[in-house]
Every structure is written in C-alpha cells, then in structure tokens.
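Dear colleague,

Please find below the structure that I am handing over to you. A summary of the findings follows it.

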Amino acid sequence: MTPVAAMCAGADSIDDTGRLRHGAMGRLFGGARASSTLGTFLRAFTHGHNRQLHAVHRDFLVAAGQGELFTAWRSCAST
C-alpha cells in the first residue's frame, strides 16, 4: 500500500516515499514504511514473480477484450 500512497502524494521514486512519514501524513496513510524497507521488499521480487503477474495481466486483457468481464459484472449487478 505504501507505493500507491506515495504515488498519490507525488512520489516518483523509492526515495520519495519518505514524504509519507512527514507532517500529518501518518493520519492519512497509516502504516507507512521507511524507504529502505520498501526497497528491500521490492528487491525480493524475482523474474518468476514478474512472469506470473504478466500472465494474469494478459488473461485479464483477453477477457476484457472479449467482453467476458463486463458480462459477468452485469449479470451479478442485475440479480
């Protein structure tokens, strides 16, 4: 969650995530981690993790392109 919160606060690198730890940002974004902790977490991902994420993303785009996602959503919403 910290990377997303940092991007919302205008961060464009791991070093900028320190913005979340200043001022009243702690109230808005609870549990903000230090930049070094975030870097360690992100470096733990391997090429295999990247390939898994790519496969999920590819399947999602195929389903979205065929309209399967939106059809399923409409059928759930109408019940």
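Does the distance between the end C-alpha atoms of helix α4 agree or disagree with what its 19 residues should span, and what is that distance? The end C-alpha atoms of α4 (residues 47–65) are 27 Å apart, which agrees with the 27 Å that the helix should span at 1.5 Å a residue. The expected span is 1.5 Å times one less than the number of residues. Helices here are DSSP runs of H or I with at least four residues, numbered from the N terminus. After α4 comes G67, with a positive phi near 80 degrees.

Please note that this is a predicted model, in which local features need pLDDT of at least 70 and side-chain atom pairs count only at pLDDT 80 or more, while totals for chains, interfaces and linings use all residues. Residues are numbered from 1 along each chain as its sequence is written, and side-chain values use heavy atoms, without hydrogens and water.

F41 is partly exposed at 48% relative accessibility, and F45 is partly exposed at 45%. Partly exposed lies between buried, under 20%, and exposed, over 50% (1.4 Å probe, protein chains only).

I14 belongs to the loop between α1 (2–8) and α2 (25–28) and is partly exposed at 33%. Leaving aside residues up to four places away in sequence, I14 touches S35, G39 and L42 (heavy atoms within 4.5 Å).

Note on methods: Helix = DSSP H or I, 4+ residues; strand = E, 2+ residues; numbered from the N terminus.
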